[in-house]
Amino acid sequence: MKKISLVVNTISKNRDVWPMFFGQLKEYIDPALFYKKYLFVDAVEEGIIPEDFEVVTYNQDKLYREQFVSCISAVEEEYCVYISEDYILYDSVRTDLILQYADTLNENLNLSFIRFMKGGVVDRDFPLYSNYPNLHQMHHSLPYFYTNQAALWRTRDLEKIHVHGPNLHIANKDWENSFEYRATKTCQELDIQGAYCYHGEPKRGLYHYDTVVFPHISTALVKGKWNISDYPDKMKTLIKKYDINTDIRGVY
């Protein structure tokens, strides 16, 4: 069995989200799924970060791409699930499917990642990937091929995209001048190929679909505010559970 790690990218200014994030992670992930867990962060907050995470620090004064490159080399496992701290779980992660997708990557060396959800600005039904049920092929010729959504990655391919990608922050007000937008061009240059899974889940908001593989709020923060509009019932339950004062951040 291939070793899979969990890679979480965060920043200390979002430390108020950590209790909810780590609490839901502990509740809904099988401890046996991930061989190791990593946290990329600018500063450590004692007493909040669980002991089973290996903390890798980055320089907050650097751009996102430089921050990520400085951390990802510490991840030794061949496969990783890469997420952010505002991906809040609300149901059990499907360990069986993630292990199955790791086998799929192992069988198809041209694939760099399998995204856990359907979604994106280009919202259309793509053909099945080979004969794998519920897996659909993607192509990097389309815009928004690269997005920061929950996915299983070949760790070194994810690293390669950041090494060769534009030296930018992950998102800017000028969206077309952000790493997430422009990394699709890098994927084209590197001939990165990917797939996504879809099990008939309903659409959520403008661009995303829910996912039975990694059931999470994507994302809990929008423009720095709590994302109540896309997940009203789930977010209100979580806010009550973790005693969050929404007046501090505001709601979206």
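How many bridges join strand S7 to S9, and do the two run parallel or antiparallel? Three bridges join S7 (residues 135-137) to S9, and the strands run antiparallel. Welcome to this predicted model, in which local features need pLDDT of at least 70 and side-chain atom pairs count only at pLDDT 80 or more, while totals for chains, interfaces and linings use all residues. Residues are numbered from 1 along each chain as its sequence is written, and side-chain values use heavy atoms, with hydrogens and water left out.

- Helices (H or I, at least four residues) and strands (E, at least two) are DSSP runs, numbered from the N terminus.
- Five of the five residues of strand S9 (residues 193-197) are buried, meaning under 20% relative accessible area with a 1.4 Å probe and protein chains only.
- Gln193, Ala195 and Cys197 point one way from S9, and Gly194 and Tyr196 point the other way.
- In a regular strand the side chains alternate between the two faces of the sheet.
- Strands pair if DSSP finds at least two bridges between them; S6 (residues 111-115) and S9 do so in the parallel sense over four bridges.
- Phe113 has Gly194 as its bridge partner in S9, and Leu135 has Cys197.

- Helix H3 (residues 95-107) has 13 residues and reaches 19 Å from its first C-alpha to its last, close to the expected 18 Å, which is 1.5 Å times one less than its number of residues.
- Among the buried residues of H3 are Leu97, Ile98 and Tyr101.
- Leaving aside neighbours within four places in sequence, Tyr101 is in contact with Ile114, Phe116, Leu135, Leu152, Cys197, His199 and Val213; contact means heavy atoms within 4.5 Å.
- Tyr101 is also one of the residues with the most contacts inside the largest nonpolar core, which has 50 residues.
- Such a core is a set of buried Ala, Val, Leu, Ile, Met, Phe, Trp, Tyr and Cys residues joined through side-chain atoms within 4.5 Å.

**Aromatic rings**

- The whole structure holds 15 aromatic pairs, where rings of Phe, Tyr and Trp (its six-membered ring) have centres within 6.5 Å; planes under 30 degrees apart count as stacked, over 60 as edge-to-face and the rest as tilted.
- The rings of Phe113 and Trp153 have centres 4.6 Å apart and planes at 35°, so this pair is tilted.
- Because Phe113 lies in strand S6 and Trp153 in strand S8, the pair ties together parts that are 40 residues apart in sequence.
- Phe113 and Trp153 are both buried.
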